[in-house]
Amino acid sequence: MKRSLFGRIWPNATAIILFAGLVFPVYWMFSTAFKPTGDIITEKPVWFPADVTFEHFKTAYHAPDFLKLVGNSLTVTLLAVAFSLIIALFASFALARMRFKGRKGLILVFMIAQMAPWEVMVIAIYMLVRDADMLNSLVPLTLFYMVMVLPFTVLTLRGYVAAVPKELEESAMVDGCTRPQAFVKVILPLLAPGLMATSLFGFITAWNEFPLVLILNKDPEAKTLPLWLSQFQSQFGDDWGATMAAASIFAIPILILFVFLQRKAVSGLTDGAVKG
């Protein structure tokens, strides 16, 4: 009885400790953003601020080119995710449904591309973009972000396409649908969890990416939010409240997206990993 009780308690206790360790930095970031300056620089930490202020958020919001950089980040991220999904839908269908020479080798290439650290290609990417006279442009960032998330997207969606019975597609074609119509009406709705998972992964990857924009986009108007956040403290000195407010603003879109998509995203990752 004691052993059974201990067996039920220790996994839950371990999970609670791990959860607290992961959540605490996020809580501290948001709580510091709302604290008055006096509660931030005090020797004794203020765990639960009694007074709330929005001055730090105003400081971050009125930083130079803030709205421009938000637009840059959203443009690059959303376009990269959209393009990767469109390409991955066709690629995953071909890999799951069609049999052609080199198919297994192509799947292996996607797996290697997913595992390979793309940071080793930063110098080559810089030289390529420089020679194309496209530095300080959002176009190279969009293309490279798309390439970064494409292998994961293709491999995940391939598992979903392979899990859809061919009989459903064939029945739709017998009823008068063409193959593209059968794909749109039958297969595509069943890919929703996989699309959610890959969209969330792609958004987080592109939204948080830092080294490429640091190297390729030196122009202040061509930067994105990760680079702006790294340089924020140098602009405002030791204003930790404003720094935490800026970090909170940067994290809010990901948190909102995760809250709305987390159930389907988790199921999409697990199902896509074991099917096909």
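## First stop: N72

Start by selecting N72, which sits in helix 4 (helices, H or I of at least four residues, and strands, E of at least two, are DSSP runs numbered from the N terminus). Keep in mind that this is a predicted model: local features need pLDDT of at least 70, side-chain atom pairs count only at pLDDT 80 or more, and totals for chains, interfaces and linings use all residues. Residues are numbered from 1 along each chain as its sequence is written, and side-chain values use heavy atoms, leaving out hydrogens and water.

Is N72 buried or exposed? N72 counts as buried, because its relative accessibility is 5% (buried is under 20% relative accessible area, exposed over 50%, partly exposed in between, with a 1.4 Å probe and protein chains only). Now show what surrounds it: leaving aside residues up to four places away in sequence, N72 touches L138, E221, A222, K223 and T224 (contact means heavy atoms within 4.5 Å).

## Zoom out

Colour by helix and you'll find 14 helices and zero strands in the protein chain. Of its 276 residues, 37% count as buried. Take the contacts between residues at least 6 apart in sequence, and 73% of them join residues at least 24 apart.

Next, colour by pLDDT (the predictor's confidence in each residue, from 0 to 100). The protein chain averages 81, with 89% of the residues scoring at least 70. Confidence is highest in helix 4 (residues 66-97), at a mean of 89, and lowest in helix 13 (residues 232-236), at 62. Go to residues 272-276 too: pLDDT stays under 50 there, and the model has ten contacts beyond four places in sequence for this stretch.

## Two loops with positive phi

Select D65, in the loop between helix 3 (55-61) and helix 4. Its phi is near 60°, a positive value in a residue other than glycine. D65 is partly exposed, with a relative accessible area of 36%.

Then hop to D133, in the loop between helix 6 (122-131) and helix 7 (138-163). Phi of D133 is near 55°, again positive in a non-glycine residue. At 69% relative accessibility, D133 counts as exposed.

## Last stop: helices 8 and 9

Finish by showing side chains on helix 8 (residues 166-174) and helix 9 (residues 179-190). Which residues meet here? L168, E169, A172 and M173 in helix 8 meet R179, A182, V186, I187 and L190 in helix 9.

Technical notes. Axes fitted to C-alpha atoms, helices over the stretch in contact; angles between N-to-C directions.
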